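Welcome! Here is a short briefing to read alongside the sequence and the 3D view.

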Amino acid sequence: MILSPTPPKAPRSLLTRSISVRAYRSLSFPISTADRRLDWLMHEFRLIVNKSIRVALTTGVQSRSRLARAAYADLSRDHAIYKQYIPSAFEVALGVLKAHRRRLRKGKRSSIPYMRRLMLKAENQSYRLDRETGRLRIPIRGTEGLQVQLPLSKWHRSILSDLSWGLGSLTVVPGQVIVVVRKETPKAYEPEAAIALDTNEDSLDGVMAAGDSARPVALPFGGVRQVQMIHFRRRRRLARKKAHDRRVQRILLDREGRRERNRVRQRLHWVSKWLVRAAKDRRAAIVLEDLTLHGAGGRSRRMNRRLSSWPRREIHRQIEYKAALEGVPIIKVNPALTSKTCPACGARRRDRVGKEFVCLMCDWEMDRQINAGLNILKTALASNEALARAVRFQPGALRDDVVSPLYDPLREGAGAREEPSGVELGVR
Ligand SMILES: [Zn+2]
């Protein structure tokens, strides 16, 4: 989704318990309306945004209230439009300018900003949505408005009928309406157990621990790697076949990319849902690597690969928002050296670690991925007192255990559509 309004990014500290978190979700609806007035509204809105950008640039203002003082009277006089759209346009304009300034700061080229895309944005007090029927009223001016019928899917209905989701802003672009809904998330519980997981290409692996007991666990993604491989081959074939027509090639490759992402995302939804449920049942905290932290002294090849891997980031994003909605605490730890350290004696290996981690200092041996999960748990226990009260770490107890799957993609019926759009978290 390109145009979903961006709530403030959740800082790392969101994962400590005291902060109240708001979850956002974008509901998107395809629309086809012959009403020319909607077109007119979007053109007017874009014009107001672009005029506001110019005013802000020439006067140097960066806040909404100052921009209103500088531009509202003129815009209100020149545009016979529902007045509440003007402050919404200010917000969009300031957002465009902010991105422009950020590009300049980073030394990138940025021409004078201008919004090309047709759009209309309204705050929740401006529009009316019947949450049962999907009838949407968009004001034009004064008491004049237009009606749009939103096609509600079963999933849309499940969200809209849940009144704990409040309505946020509305965005209209050609052919599409996007409604943002938001919800306060419950306070996370005090953990009585931990599920610590290392994030790999096709699975999450690690350990489930409570009190003195622990067992190695694995959560396979259900063939995400195969999906990626199939699409990789398909893309290569397409690129060869359409090499003579770059435009068609681009379109087809983009479509392939979208299909791949959707297929992967669906599989990951099953995994994240299952993990959060398992954690909640055991009142466990979920411990993951912080993929935004880079190890000191430059990134390793492994870290670089991880940061660039979309499924890893996507599975973390899903786990985090689902956990927030369920009140499951998430703890993120610095992933540096998790794959190279011996959890039993703390010795580090400097060389490449194979499929098995073998310690050179003591006689510790463990599957590399499970081993990384153990180190992740160990790091979390060292920094989180509440968790350390609930879980005592004894790597020795794990030695001979067999890895048990935390989730079986075949049994859970992976592949069925779960949730069509994402959620973002913000902190108040
Ligand atoms: Zn060792």
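Is D351 buried, partly exposed or exposed? At 35% relative accessibility, D351 counts as partly exposed (buried means under 20% relative accessible area, exposed over 50%, partly exposed in between, with a 1.4 Å probe and protein chains only). This is a predicted model, in which local features need pLDDT of at least 70 and side-chain atom pairs count only at pLDDT 80 or more, while totals for chains, interfaces and linings use all residues. Residues are numbered from 1 along each chain as its sequence is written, and side-chain values use heavy atoms, leaving out hydrogens and water.

**Salt bridges**

- There are 23 salt bridges, each a side-chain nitrogen of Lys or Arg within 4 Å of a carboxyl oxygen of Asp or Glu.
- D351 pairs with R349, their closest N and O atoms being 2.5 Å apart; R349 is buried, with a relative accessible area of 16%.
- K183 and D162 form another salt bridge, at 3.5 Å between the closest N and O atoms.
- That pair links distant parts of the chain, 21 residues apart, with K183 in strand β7 (a DSSP run of E, at least two residues; helices are runs of H or I, at least four).
- K183 is buried at 18% relative accessibility, whereas D162 is partly exposed at 28%.
- A network of salt bridges links D35, R37, R141 and E144.

**Helix packing**

- Helix α1 (residues 36–59) packs with helix α2 (residues 64–78).
- Residues meeting there include I48 and V55 in α1 and L67 and L75 in α2, where contact means heavy atoms within 4.5 Å.

Notes:
Axes are lines fitted to C-alpha atoms, for helices over the stretch in contact, and angles run from 0 to 180 degrees between N-to-C directions.
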